[in-house]
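Please look over the sequence and the structure first.

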Amino acid sequence: MPKIKLPTKSPHIDMTPMVDTFCVVLTFLMLTATMRPTEPAPVDTPFSISEKPTPDFNIMTLLLSNDDRVFLNFDNGPDTLLKFRPKILALMGGRYSIEFTKAELREFEKYPSSIGVPILKMKEFLAAKGNKAKNVFQTGIPIDSTDNQLALWILFTRQVNPNVQTCIKGDSKTSYPTVKKVLDILQEKNVRQFMLITSLEAAKINIAEIQQ
Amino acid sequence: MAEIIQEEKAGGKKKAKKHAPHIDMTPMVDLMCLLITFFMLTTAFSKAKIMEIILPEKQKENAPAPKISASRTLNIILGPDNKIYTYPGTVKAEDFNNLPPLAETDFSATGIRQKLLERNRTLAKKIADFNDQVLTGKLVISQDSVLGGIRQLKKDDDTGPIVLIKAYKGANYGNVVDILDEMNICGIALYMLVDITWYEEKMVETAAGITPSAATAQK
C-alpha cells in the first residue's frame, strides 16, 4: 500500500485574531479597573440580601479584623484629591502635642490603606520603609475608654469633611464586645446612621412559606 | 521606504528582498497574557454592598426606658457557637430566681426565620402581596415608590413583633449582621439592638450550660 503523505504545513499559526481579542480584553480591563485596595488585615465580610452599592466618596471605613483590631480609612476614590488625610493627622497630632513634619504628612497621605496605628507610634510608622515594616505597627487603633483614640479620629475626620458617612467593614469572626465598643463610640459621637459592608447573598421567601 | 532608498542608489536594479509578511507575535501575546491575568486578578468587579442601620440616640442616664407592650415583644439573644435564644415578653431584674426558659434555635431558614415569619405573618404577607403585584405588573410604580410603599406598610403595621436584639459575649459580628439581615428578609417593622442585661446573660448561661466562671475565662 502506498503511504499517504500528509502535506507538510508551515508551523506558523496566524495569531492576528488572537492578538486582536487580547487587545480588546486588555483595553476593557484597563479601563474598568478599579484597584482592589490592599487591607492591612484580611477581612471576610458577612453576607446579606442588601443590594445597595457602597458610595464612591465621602465615606470613612472602619475595618474590624477577626483578631479584634480596629482600623480606619478616611478617603476613598475621588476624595483622595481633596487631601483630607494630612489635615486629619495634623489635627490629631495637635491634640497629642506631636508635631508632624511636612514629609511625614506627605507619607501619611500617600499610604494607600487603612490606618491602625496608635498615635504615639505614628512617627515610627511613617518612618518605616516598605509595607512589611509598616505592618508591624498596625496594632489597631486604641478604643479603650482611658485612651479612646478612635473617637478622636472620628471627631477630626468629621471636622475636616462634614459630609462623611460611616461604613463598617467587619470580619464575620470579630467578637461582639469589640463591635459593641465601636458602635458605642460612634453613638457617643452622634454618628447614628451607618452602613455595614456585606457581600451579596440571595434569599427568597414565598407566600406559601408565610402562610404555613 | 525601502523602495525609495533603493531608487536613490545608482542604477539599482536589484529587487527589494521580499520579506514574509508575518511578524513573530509570540512575545507580544505572552506579554498580553501576563497583563490580562494581572488586571483580572486585581480588578474588583462587583462593588461591595451595604446594609444601612440606624442606632437610637444615646439615652441620658436617668431617662425612663421607652414603654413597649410586652405582648408584642420578642427578645432575641445571640449566643455563642452561632446559636440563637429567644423568649417572648419582658423579664424584670426582680424575678431573677424565676427566669423564663429560653427557646434555642439557629440561623437556618427553618429556625429563626420560621419563628419570625410566624409572628409577623400579616405584615410579611402584605409586603409579599405588594411585591407580587409590582412584579406581575398589576401595579406600575417606580422603584422608589416600591420602597416607600413597603416603608408605609411597615409603619402602619401594629400587629407584628417588636424585636429586641441582644448579644451575649460569645457572639460575633457575623451573627449580628445575619440577624439584622433576617429582619429585612422577614420584613420586621420594629427592631433594635439593645444591651444585654446581667440576668439575660444568666439565662443564656443556664440554657447553654456555661458556668459563669468559664464564660469570663472565655472572654
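## Fold of chain A

Which pattern does chain A follow when read along the sequence? The model is predicted, and in it chain A runs α-β-β-β-β-α-α-α-α-α-β-α-β-α. That comes to eight helices and six strands.

Chain A has 212 residues, of which 28% are buried. Of its contacts between residues at least 6 apart in sequence, 67% join residues at least 24 apart.

## Contact between chains A and B

Chain A brings 51 residues to the contact, and chain B brings 40 residues. On the side of chain A that touches chain B, at least two residues come from each of α1 (16-32), β2 (52-53), β5 (165-170), α7 (176-188), β6 (193-200) and α8 (207-211). By type, the residues on this side of chain A are 28 nonpolar, 15 polar and eight charged.

Strand pairing also crosses between the chains: β6(A) pairs with β1 (residues 49-54) of chain B in the antiparallel sense, over six bridges. Within this pairing, Q193(A) has I54(B) as its bridge partner in β1(B).

## Nonpolar core

The largest nonpolar core holds 69 residues, and L64(A), L72(A), L78(B) and V176(B) have the most contacts inside it. Helix α6 (residues 173-186) of chain B gives the largest share, seven residues. The core lies between domain 1 (70-120 + 160-213) and domain 2 (121-158) of chain B, because both give residues to it.

Beyond its neighbours within four places in sequence, L72(A) is in contact with M60(A), L62(A), S114(A), I115(A), I141(A), L150(A) and W153(A).

Key:
Residues are numbered from 1 along each chain as its sequence is written. Chains are lettered from A and ligands numbered from 1 in the order in which they are written. This is a predicted model: local features need pLDDT of at least 70, side-chain atom pairs count only at pLDDT 80 or more; totals for chains, interfaces and linings use all residues. Helices (H or I, at least four residues) and strands (E, at least two) are DSSP runs, numbered from the N terminus. A residue is buried if 20 or more other C-beta atoms lie within 10 Å of its own, exposed if 12 or fewer, and partly exposed in between; C-beta atoms are placed from the backbone. Two residues are in contact if their C-beta atoms, placed from the backbone, lie within 7 Å. Ala, Val, Leu, Ile, Met, Phe, Trp, Tyr, Cys and Pro count as nonpolar, Asp, Glu, Lys and Arg as charged, and the others, Gly among them, as polar. Two strands pair if DSSP finds at least two bridges between them. A nonpolar core is a set of buried Ala, Val, Leu, Ile, Met, Phe, Trp, Tyr and Cys residues joined through C-beta atoms within 7 Å. Domain bounds come from an automatic or database domain assignment.
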